[in-house]
Amino acid sequence: MAAGTALLCCTLLFVHVFVPAGPKIITAESGQNMTLTCRAPNISITGVKWIRADLWPKNVLLYRDSHFIPDNQHPSFKNRVDLQDRQMKDGDVSLILKGVTTTDTGTYMCRVIIEERQSLKLSIIHLIVDPDQKIITAVPGQDVTLTCRAPNSEIRVVEWSRADLGDKYVLLHWDGHFVPDNQHLSFKNRMDLQDRQMKDGDVSLILKDVTINDAGTYECRVYMGRETDSWEFISIIFLRVPPVQRSKHLPEASSLETKGWIRAAERTHL
C-alpha cells in the first residue's frame with residue numbers, strides 16, 4: 001500500500017441491550033402492600049410503564065414526564081399503585097401495589113422510557129397472592145361479621161359459599177340485588193352485606209344469631225365484570241362456634257325451674 005494512503009477509521013458503536021432474567025417469583029398475603037422492584041441503568045429516564053399482559057387494558061401504571069397518566073389503566077389498579085421514588089433517583093422505578101388481593105396474582109413487566117422515546121424491558125415479576133385465611137370465634141346467639149374486601153367498587157357479583165353445603169350458597173348478590181334462589185335454608189333471612197353499596201370494595205358478610213351449625217369454612221368470591229371475566233377468590237374464613245359449656249356444679253335450668261315451682265306451691269298451701 002502506497003505511503004500516505006489515508007487510513008479508514010471505523011468507529012464501533014456499542015449498543016447495550018438489557019435483557020431481563022427469568023421471572024422473579026414473590027408471594028404475598030391478602031391485604032399487604034407490596035413493592036415490585038425494578039432498577040434502570042444509568043440512563044436518562046423520561047418515564048416508566050408497568051403492565052400485565054393478561055389484562056385489558058394491560059397498563060398497571062404509566063408515569064411520563066413527572067406525571068401519572070391514567071389513560072388505559074386497568075380499573076382494578078386505580079388509586080392503588082405508586083412509584084417507590086417518583087424522582088426515579090439512581091434508576092429506581094419500583095412499583096408499590098397497595099392492599100393486594102388474589103386478583104392481583106399475575107406476571108408484571110417493568111419498562112422504562114428513555115429520551116429517544118425508546119422502551120426498554122427491565123424486569124419481570126410473578127406475584128402470587130394467597131387468599132386471606134382467618135379464624136374467628138363466635139358465641140351462639142351473636143351477630144358476626146366475616147370481612148372481605150375487593151380491589152375496587154366495580155363489582156357485579158358477590159358470592160359467599162361453604163363447600164360442605166354442596167351447590168347451595170350462603171349469600172348471592174347480583175347487580176344490586178340479593179338472589180334467594182338456591183340459598184341454603186339455614187341462612188335465609190339471617191344474612192346481609194355490611195355495605196350494600198360496596199363502597200371501597202367492602203363485601204363483608206353479616207351473619208345474624210349464629211348457632212353451632214354455622215361453624216365452617218366460608219369463601220368470598222367476587223366477579224368484577226369484563227376486565228377479568230372470571231370469579232376471583234378474595235377471602236377464606238373459618239368460623240368457630242363452640243357450644244356453651246355449663247358448669248358441672250350448677251343444676252340444669254330446667255331443674256332450677258322445677259324446684260322453684262315446688263317451693264312456690266308449698267308456700268301457697270301453708
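Visitor: What makes phenylalanine 187 count as buried?

Guide: Its relative accessible area is 1%. Buried means under 20%, exposed means over 50%, and partly exposed lies in between (1.4 Å probe, protein chains only). So phenylalanine 187 is buried. A word on the source: this is a predicted model, where local features need pLDDT of at least 70, side-chain atom pairs count only at pLDDT 80 or more, and totals for chains, interfaces and linings use all residues. Residues are numbered from 1 along each chain as its sequence is written, and side-chain values use heavy atoms, leaving out hydrogens and water.

Visitor: Why does serine 66 count as exposed?

Guide: Serine 66 has a relative accessibility of 57%. That is over 50%, so serine 66 is exposed. Serine 66 is found in the loop between β4 and β5 (67-68). Strands are DSSP runs of E, at least two residues, and helices are runs of H or I, at least four; both are numbered from the N terminus. Serine 66 also has a positive phi of about 70°, although it is not a glycine.

Visitor: Methionine 88 has a positive phi too, near 55°. Is methionine 88 buried or exposed?

Guide: Methionine 88 has a relative accessible area of 13%. That is under 20%, so methionine 88 is buried. Methionine 88 sits in the loop between β6 and β7.

Visitor: How many aromatic pairs are there?

Guide: The structure holds three. Rings of Phe, Tyr and Trp (its six-membered ring) pair if their centres lie within 6.5 Å; planes under 30 degrees apart are stacked, over 60 edge-to-face, the rest tilted.

Visitor: What is called a nonpolar core?

Guide: A set of buried Ala, Val, Leu, Ile, Met, Phe, Trp, Tyr and Cys residues joined through side-chain atoms within 4.5 Å. The largest here has 30 residues; Val48 and Tyr108 are among those with the most contacts inside it. Strand β9 supplies the largest share, five residues.
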